[in-house]
Amino acid sequence: MPGNQPFPPGVLVGLTTTIPVEAVLAAGLVPVDLNNLFISHPEALAWVSDAEAAGFPRTICAWVKGIYAALSRRPDIRAVLVACQGDCSYTQALGELLEAEGREVVHFQFPYPPHRELLSREIAALAARLGTSIMETSRVQMQLRHLRRNLGELDRLTYETGQVTGRENFNYLIASSDFESDLEAYSRKVAAFLREARTRKPHHFRVRLGLVGIPPIFGDLWDYLEELDASVVFNEIPRQFSMPYPDVQDLADQYLRYTYPYDIFGRLTDMEEAIRVRRIDGLVHYTQSFCFRQMFDQVLRERLNIPVLTIEGDRPTPLDTRTRMRLEAFVDVLRA
Ligand code: SF4
């Protein structure tokens, strides 16, 4: 919509990262997480090359190229919501590029450092821009409580009983950024999965791992770890996306507890708690080539009193041989 006109109901809105999706739903719009759209596509690797052919440098993170390529195939995604603070400068620049190409871009800023009042104002401004109100947005937040509680339960069945695998945990929680663009269907799918998972026998692997850092671009990481008798009982960022906080007062509270857009210290506290509660033996820190978040590796190793293996991915491919060998050696050490 040119200018600041509200969007008609049903319009698809692309998300470059997790933002207060309640405002999108309250406005009757359909959220589409562009990261998930990219990585779940069978041609994801070719899409990265396409973006490079269109002029993106080799030394730019593949997620940004994937998002751009995904959007170029989906003219039906009429607007894109970009976090111009709290994500990264690449996605901010991508927003400007898309605007230059004529795509409608809506900005959202997570305050840095976290600030309740500023965040409340940002959420209210986002709601107004999308053509809804903070009251409607809060109503959607209440509506989502049951689903978010179910996602918390699904997570518990991963680390307490092992009835949900690390891979399943990742898939369900990562999809909570946009609820697979169909809230009702996704809620039903989660509820049905939970019913089935509760009938499974508890299962415990020899080694319990936490996977921290941005979501890996490798698709086979969890399955390979299970072959080594190690399970991922903590998927840090997907769990953050699911926001299973029944005690939050309002949306500002909810999005202040979401650690991803702020400093590393909130993430460290979250990881420390997970290591203790989930009895984690070691952490796999996933880093993305050309991503500034690689710099957090050092502080993470210094602050967390647990073995850490850092791996790096570039393009959407299966695990390479060297990374597989390093994972195997790490799991061997933990098992010993
Ligand atoms: S992986 Fe890093 S550089 Fe790439 S989009 Fe995410 S935050 Fe930005």
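Biologist: In what order do the four strands that include β6 form their open sheet, and how do they pair?

Modeller: In this predicted model the order is β6-β5-β7-β8 and the pairing is parallel, where two strands count as paired if DSSP finds at least two bridges between them. Strands and helices are themselves DSSP runs, of E over at least two residues and of H or I over at least four, numbered from the N terminus. Local features here need pLDDT of at least 70 and side-chain atom pairs count only at pLDDT 80 or more, whereas totals for chains, interfaces and linings use all residues. Residues are numbered from 1 along each chain as its sequence is written.

Biologist: Why are α8 and α9 called roughly antiparallel?

Modeller: The axes of α8 (residues 145–161) and α9 (residues 166–174) come within 9 Å and cross at roughly 165°. Angles over 145 degrees count as roughly antiparallel, those under 35 as roughly parallel, 65 to 115 as roughly perpendicular and the rest as oblique, and the two helices are therefore roughly antiparallel to each other. The crossing is left-handed.

Biologist: Which residues of α8 and α9 meet?

Modeller: L151, L154, D155 and T158 in α8 meet G166, N169, Y172 and L173 in α9, contact being C-beta atoms, placed from the backbone, within 7 Å. These residues divide into four nonpolar, three polar and one charged.

Biologist: At what angle do the axes of α8 and α10 cross?

Modeller: The axes of α8 and α10 (residues 183–198) cross at roughly 35° and come within 10 Å, and α8 passes α10 in a left-handed crossing. Among the α8 residues in this contact are L147 and L157, and among those of α10 are V190 and L194; the contact divides into eight nonpolar, two polar and one charged.

Biologist: Which residues are around the ligand?

Modeller: They are C61, W63, V64, D87, C88, Y90, T91, I214, Q288, C291 and R293, where a C-beta atom, placed from the backbone, has to lie within 6 Å. The elements giving two or more residues to this shell are α4 (62–72) and α5 (89–100), and the shell divides into seven nonpolar, two polar and two charged.

Biologist: What makes the peptide bond from Y112 to P113 cis?

Modeller: Its omega is near 0°, whereas most peptide bonds are trans. P113 is found in the loop between β4 and α6 (116–130).

Biologist: What is the phi of F179?

Modeller: F179, in the loop between α9 and α10, has a positive phi of about 55° although it is not a glycine.

Technical notes: Axes are lines fitted to C-alpha atoms, for helices over the stretch in contact, and angles run from 0 to 180 degrees between N-to-C directions. A crossing is left-handed if the near helix is turned anticlockwise from the far one by less than a right angle, and right-handed if clockwise. Two residues are in contact if their C-beta atoms, placed from the backbone, lie within 7 Å. Ala, Val, Leu, Ile, Met, Phe, Trp, Tyr, Cys and Pro count as nonpolar, Asp, Glu, Lys and Arg as charged, and the others, Gly among them, as polar.
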